[in-house]
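Dear colleague, please find below a short note to read alongside the sequence and the model. It is written for a reader who is new to protein structure.

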Amino acid sequence: MAELLYFTELVGLGVHDLKGRRIGRLADAALVPLIDSGRIDRYLVGGGWAWLTVRHEQVRSISLDGIHLRDEHLTPYHDDEYMLRIARDLLDQQIIDVDGRKVVRVNDVTFEIHRENGCEVLRVLEVDVGIRSIFRRLSQGVLPRRWIRRLQRPVAPNSIRWEHCNIVEPDPRRRLRLNISYRMLEEMHPADLADIVEELAPEERGAIFETIDSEAAADALSEVDPKMQASILESLETGKAAEIVEEMAPDEAADALAELEEATSEEILEEMDVEPKAEVRELLEFEQDTAGSLMNTEYIALHENATVADAMDALKGNQDLLENLSTLFLIDQDGVLKGAVPLGRLFAVPAAARLRELAAGTLLHVPAGEKQNRVVETFDKYNLLNLPVTDEEGRLAGVITADDIISVLRQR
Amino acid sequence: MAGAMLKRIRTQIAVFFAVIGPGFITAMVDNDAGGIFTYSQAGARFGYLPLWTLAPIAVLLVITQEMNSRMGAVTGKGLSDLIREEFGLRVTFLVMALLVLTNFANVMANFAGIASSLQLFAVPRWVSVPLCAAAVWLLVVKGTYHSVEKIFLGACVVYAAYIVSALLIEPDWREAALSSVQPVLMLDPAYIAILIGMVGTSIAPWMQFYLQAAVVEKGISEREYAESRIEVIVGCIAMVVIAFFIVVACARAIWTTGPRDIREAADAAQALRPFGKYAYLLFSAGLFNASMFAASILPLSTAYSVCEGLGFETGVNKRFREAPIFYWLYTLLIVLGAGVVLMPGFPLVRMILLSQVLNGVLLPLVLIFMVMLVNKKELMGEWTNARWQNFIAWTSVVVMIGLTLALAGITARDAWG
């Protein structure tokens, strides 16, 4: 197993030339992520007036006793934007632990010492959080390095593997230069991503929503607290905001836009495609805290004379709705709601059967103007998973689902 | 035309109420058991004379609080986060260690305030203190931020009790008004100590951390900041007004009959007794409310600041197992703070004095960090201090440091000299 070295130990190590004379002490170390995301590329050595840069291939050996060089052609230190400096850019900053799904603060960094082409290089193994690394930071430079190693032993380590760390950088140009991407975040569950985003500062939040793809952004945004949704949408460029809102379920989109100032939400709506725009606009017309503002306009409705085979075709044509679908609705030629068919019943009858015969006994529905409280009561009383909403003429306008009700209850 | 203007005014009022909370609550909690004691003492010993310090106190308070809420709104980060990111772990650890010690002493002082105020209602301390400690703990652990904030805002209203109780005992308003605008200095060490004490108790380190965190938690943005600033100013003025009525009440009740020192805030309430039942009851209720309020906020604010600064999981919406250090710190501050008050023979007064000394050590550090942070372009962008703001800010910092160090020195000398 490769030997470990902590960043707290690395800082302050003496740097020695070929003859073993000390030329300075190590001040910081830097990765160049565009070349290699895990290898320390340069060491910055303080000594005399200015800092010197040591490239990684100039190092013969690294240990607790010091750093020995095999080449003495050192250059003065220049800051360049492709460098991620550990002490300056990583230590004490917040990063995202993708695996543990939380935001953490970096106390220390653990390296592995590897031998490559006759020189010893450091590779970042883990980022350290928790009490053990706090102890190392506090005693760094006060106690000898080996004592610190011994004293920290009883405390359990708390570290995050470097592959699971995601640095948050608000500046898009710097993000490119440091090769930071948020692709790992797109893979997370939207609810987890929403939790993480809520913990970050507004600038960093904006950076994440700007960069990840609109679908993942829409899913995560739906899970964020309504007031924060508004501030995130405001901070984004109108075009990007519109793209994200388009991907959201229309009821969620309408809720988010309703929190914005009218001028801003209007700008975003203007940028949206015609179809989602019309749906969202319709929902925005409903007053807050009514059935109309809770409902979703994504549902499957068939003519009351349709058969099970027709229903199966309709399901195949609406793949994207299937994940959360539990009921089909029946309407007449004017769109008036006539019945509701629980999805499961389709499988117990022949394909030629009429849907009307499968409809639930009592047809429950609420008018769009119904107060939110009454809707919640109806859900509770009849143990519903969903409830159709109708307009003044009895036409099907939308559907409220149980998850909408849970959100209402949570917000009280 | 008029309709549009009316609508604009209405939305502005609506925004004001949407952001109300952090600044107001912070300023009110500032009048905790220790503060009430100091103001009562000032009135009891020197009558209306010290009232003139209240206006400068309001100015100092507004300047520091405004910087905090601005930093919170612009960066979206708490003060301990910013100190950690800009000044590193060691500095943060030092500040946090001092903060825990100071706040622990403050928690103790407020549980002592709970005990003595409820004793006025004939509730023995071994009943009142454990019950209130349990209530405080449950309030935060079982409540949501929203409901807790509502309860806190409700508690702010109870401070009006002081105004009513002062009105009931008919003080000399002409003299009170005159003394409020007429600075009087005497070379009496006790007088100077009281003046310094009044300034010292009104600006405490925990406030800076609490206010900024609350502004962040509330999600107040740069856009809403103008309203938030008004809220901070209104809060500070309200706090000073309450202090005014406390001083006036004690001046009338104690100083006019015979100037003397009081030992604790409950003594002041006792002194109001001859003026009628209601004045006395209101003053005691006010003391209980203030102590309870501060005892609820201080442990929570401490646990938040420490865990955020040192990078432990925080938040009342997390489970105990997810954020163990947060909950342990919070619980221990309450349990120990309340437990110590119940211990017979514990040198409580000395401990409270010690908290003032620690306050004096910590406050300069926090203020200097604050002014440095608020001037960082990369954090604050266009929201850094203007030159005149910096002039006032640094002057206030120097004045505050001078006064708190003097206060710390005087208390240290009195307690151990």
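The numbered points that follow take up selected features in turn.

1. The structure under discussion is a predicted model. Every remark below should be read with that in mind.

2. Ser139(A) and its surroundings. Ser139(A) belongs to helix 3 of chain A, which covers residues 131–139. Its relative accessible area is 7%, so Ser139(A) is classed as buried, the limit being under 20%. The side chain of Ser139(A) comes to 2.7 Å from the backbone oxygen of Phe135(A). When neighbours within four places in sequence are set aside, Ser139(A) is in contact with Ile148(A) and with Arg90(B).

3. A hairpin in chain A. Strand 17 (residues 327–331) and strand 18 (residues 337–342) of chain A run antiparallel and are joined by five bridges. One of the bridge pairs sets Thr327(A) against Pro342(A) in strand 18 of chain A. The two strands form a hairpin, with five residues between them. In the turn, Gly335(A) has a positive phi of about 90°.

4. An open sheet in chain A. Three strands of chain A make up an open sheet in the order 19-20-21, and the pairing is mixed. Strand 19 (366–367) and strand 21 (396–401) of chain A are the edge strands, each of them pairing on one side only. Strand 20 (residues 386–390) of chain A runs antiparallel to strand 21 of chain A, and five bridges join the two. Within this pairing, Pro388(A) stands opposite Val399(A) of strand 21. As a general point, side chains in a regular strand alternate between the two faces of the sheet.

5. Which residues other than glycine have a positive phi near 55° or near 50°? Arg101(A) has a phi near 55°, and Asn383(A) has a phi near 50°. Arg101(A) is placed in the loop between strand 10 (94–97) and strand 11 (102–105) of chain A. Asn383(A) lies in the loop between helix 17 (372–382) and strand 20 of chain A. Arg101(A) is partly exposed because its relative accessibility, 47%, falls between the limits of 20% and 50%. Asn383(A) is exposed, because its relative accessible area of 66% is over 50%.

6. Cysteines. How many disulfides does the structure hold over all chains? The number is zero. Cys236(B), for instance, is in no disulfide, and the nearest cysteine sulfur, that of Cys156(B), is 12 Å away. A disulfide is a covalent bond between the sulfur atoms of two cysteines. Cys236(B) is buried, with a relative accessibility of 1%. Cys250(B) is buried as well, with a relative accessibility of 1%.

7. The cavity. The largest cavity contains about 40 Å³ of space. Its lining consists of Gly78(B), Leu79(B), Ser80(B), Phe209(B), Ala213(B), Tyr304(B), Ser305(B) and Glu308(B). Helix 5 (79–120), helix 11 (205–218) and helix 14 (277–310) of chain B each provide at least two of the lining residues. Which helix supplies the largest share of the lining? Helix 14 of chain B does, with three residues.

Notes: Residues numbered from 1 in each chain as written. Chains lettered and ligands numbered in written order. Predicted model: local features only at pLDDT ≥ 70, side-chain atom pairs only at ≥ 80, totals over all residues. Heavy atoms only, no water. Helix = DSSP H or I, 4+ residues; strand = E, 2+ residues; numbered from the N terminus. Buried < 20%, exposed > 50% of the residue type's maximum accessible area, 1.4 Å probe, protein only. Polar contact = N/O pair within 3.5 Å; in protein donor to acceptor, adjacent residues only side chain to side chain. Contact = heavy atoms within 4.5 Å. Pairing = 2+ DSSP bridges. Disulfide = S-S within 2.5 Å. 1 Å grid on protein atoms, 1.4 Å probe; cavity = no way out; pocket = protein on both sides within 12 Å on 5 of 7 lines; lining within 4 Å. Points joined across faces, edges and corners; volume = space filled by probe spheres on them.
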